[in-house]
Amino acid sequence: MKIGILALQGAFREHEEALKKLGIHYVELRKKEDLSSGIDAIILPGGESSVQGKLLRELEMYDIIRQEIQNGLPTLATCAGLILLAENIEEQTQTHFATLPVTVRRNAYGRQLGSFSCEGEVKGFGKIPMEFIRAPYISEVSKDVDVLSQVDKKIVAVRYGAQYAFAFHPELNDEPVVHQTFVEGI
């Protein structure tokens, strides 16, 4: 099994560390040619969604990744990755992959000072630590989206087909339970 990690910007190294702990082979996706290496799943990390979206288009990776996700490529998205997948982004007309039928609110908890940690139950993953760093949350979901977790009545984790999206950063947890459960489901 080989997992592709989008490595254009953001917290991709933390995802690599989580996969290393599990002994899972991964490849960094930095250019169009990297997408031809035959991946079994993809991770879209946290970071800055606008920058990642811009780079995906400039590097001609956008259409290929979008098509693969639409065709069922298992996808794990965290924070900015959730925004990349979202069909709608509040107060913004431009979207990115738009493969996940949800509406997200960017920087929903405010600036860096609004970042926080908590522990919460995530359906299918158990009780896990959650790190919210300039995090979004999901304000609306379509009826086909499975809500996996809420914090303070705000949706922070969902599943839609083979797409898992988290508003928080599970890769910052010492125990890679989210990555392990994701990989086991592939």
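E16 touches I5, Y26 and E28 when residues up to four places away in sequence are not counted, a contact being heavy atoms within 4.5 Å. The structure is a predicted model, in which local features need pLDDT of at least 70 and side-chain atom pairs count only at pLDDT 80 or more, while totals for chains, interfaces and linings use all residues. Residues are numbered from 1 along each chain as its sequence is written, and side-chain values use heavy atoms, with hydrogens and water left out.

**Helices and their buried residues**

- E16 lies in helix 1, where helices (H or I, at least four residues) and strands (E, at least two) are DSSP runs numbered from the N terminus.
- E16 is buried, at a relative accessible area of 5%; buried means under 20%, exposed over 50% and partly exposed in between, with a 1.4 Å probe and protein chains only.
- In helix 3, which spans residues 62-70, the residues Y62, I65 and I69 are buried, and they lie on the same side of helix 3 because they cover an arc of only 75° around the axis, the arc being that of the directions from the helix axis to the C-beta atoms.
- Among the elements against which the buried residues of helix 3 pack are strand 1 (2-6), helix 2 (49-58) and helix 4 (80-85).
- In helix 5 (residues 177-184), V178, H179, F182 and V183 are buried, and they line one face of the helix because, seen down its axis, they fall within an arc of 125°.
- The cover over the buried residues of helix 5 includes helix 1 (12-22), strand 8 (126-132) and strand 12.

**Largest pocket**

- The largest pocket holds about 200 Å³ of space; on a 1 Å grid over the protein atoms alone, a pocket is an open set of points where a 1.4 Å probe fits, with protein on both sides within 12 Å along at least five of seven lines, and lining residues have an atom within 4 Å of a point.
- Of the 15 residues lining this pocket, G47, C79, N107, I133 and R134 are the closest to its centre.

**Cysteines**

- Zero disulfides are found in a search of the whole structure, a disulfide being a pair of cysteine sulfur atoms within 2.5 Å.
- The sulfur of C79 has its closest cysteine sulfur in C118, 13 Å away and therefore too far for a bond.
- C79 is buried, with a relative accessible area of 4%, whereas C118 is partly exposed, at 26%.

Terms used. Grid points are joined across faces, edges and corners, and a volume is the space filled by probe spheres set on the points.
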